Amino acid sequence: MRVWAVSNQKGGVGKTTTTVALGSLLAGAGKRTLLVDMDPHASLSGYVGVEGGAHGSVYDLFGVGGNPLPVRTLVHATQWDRLSVLPASAAMITLDRQLGTRPGMGLVLSQALAELASDFDNVLLDCPPTLGVLMVNALAASDRLLVPTQTEALALAGLERMLRSLSMIERSRGKPMPRTIVPTLYDARTHASRACLAQLREQYGDDVSQSVIPTDTQIREASAAGVPLAAWPAARRGGLAYRQLLDELLAMPVPSVTDAAA
């Protein structure tokens, strides 16, 4: 089972769009795919039409004030074949305060996903923009980090914060986390976008995907309609870019059992 975390410590860079786009493409290719909404804002849950408050959420894995709920009771099908979701809820924003320094809370999601290993081929985690127990859980559970990064100068600061946070997590994991920086909202007509993409490639080299996600108003339209790009033919440019990105990611090696135990 592949587990990818989609994260950046800056909003508006396309995290949720990227998560849903890749997840729907995987499901459309016949892969059993789970989307996990780790962000208390619950944008992904709203996108796919499953509200965590009514159905239980990631919050209920942590057993705050009682026993944790079984993860299978929290996973819900979406209206798209082979695409399921573990939703978020606003209560998740209280986890850092409620859990305090309770030991073992950084591996809750890893343990829950281990129970689902026979149920899904792929898991994508839509992460919050802040470093806390939710992001720590997401990164600890993942075998690759995807960092959508808007191709503008201000977005590079968010990328730097994300990579500093990742360095902290890597020290606690005792091993590196494979990462892919995904340039998003790219407009080849503007000097600013071209310069930012060139800077990303110069500074981060092979960590930057060859695939670039363009600015495409149809991506926004699909999101507003709650329809994944795979089911929104009008988003041709954006859809093609995400298909190319997915092909690129699937060609990358998955860490072996030996690597995971290192």
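Helices here are DSSP runs of at least four residues, numbered from the N terminus. One of them, α8, is followed by Gly205, whose phi is positive, near 55°. Everything described below comes from a predicted model.

Let's stay with α8 for a moment. This helix covers residues 191-204, which makes 14 residues. From its first C-alpha to its last, α8 reaches 20 Å, close to the 20 Å expected at 1.5 Å a residue.

Which residues of α8 are buried? They are Ser193, Cys196, Leu197, Leu200 and Tyr204. Viewed down the axis of α8, these buried residues fall within an arc of 100°, so they line one face of the helix. The face turned away from that buried side carries His191 and Glu202, which are exposed. As for what covers the buried residues of α8, β6 (144-150), α7 (153-173) and β7 (179-184) are included.

Now to another pair of helices, α5 and α6. Their axes come within 7 Å and cross at roughly 45°. That angle makes α5 oblique to α6. The table shows who takes part in the contact.

| Helix | Residue range | Residues making the contact |
|---|---|---|
| α5 | residues 108-115 | Val108, Leu109, Ser110 and Leu113 |
| α6 | residues 133-141 | Asn137, Ala138, Ala140 and Ala141 |

What classes of residue meet in the contact of α5 with α6? Six are nonpolar and two are polar, with no charged residues.

Definitions and conventions:
Residues numbered from 1 in each chain as written. Predicted model: local features only at pLDDT ≥ 70, side-chain atom pairs only at ≥ 80, totals over all residues. Heavy atoms only, no water. Axes fitted to C-alpha atoms, helices over the stretch in contact; angles between N-to-C directions. Helix = DSSP H or I, 4+ residues; strand = E, 2+ residues; numbered from the N terminus. Parallel < 35°, antiparallel > 145°, perpendicular 65-115°, else oblique. Contact = heavy atoms within 4.5 Å. Nonpolar A, V, L, I, M, F, W, Y, C, P; charged D, E, K, R; others polar. Expected span 1.5 Å × (residues − 1). Buried < 20%, exposed > 50% of the residue type's maximum accessible area, 1.4 Å probe, protein only. Arc of directions from axis to C-beta.
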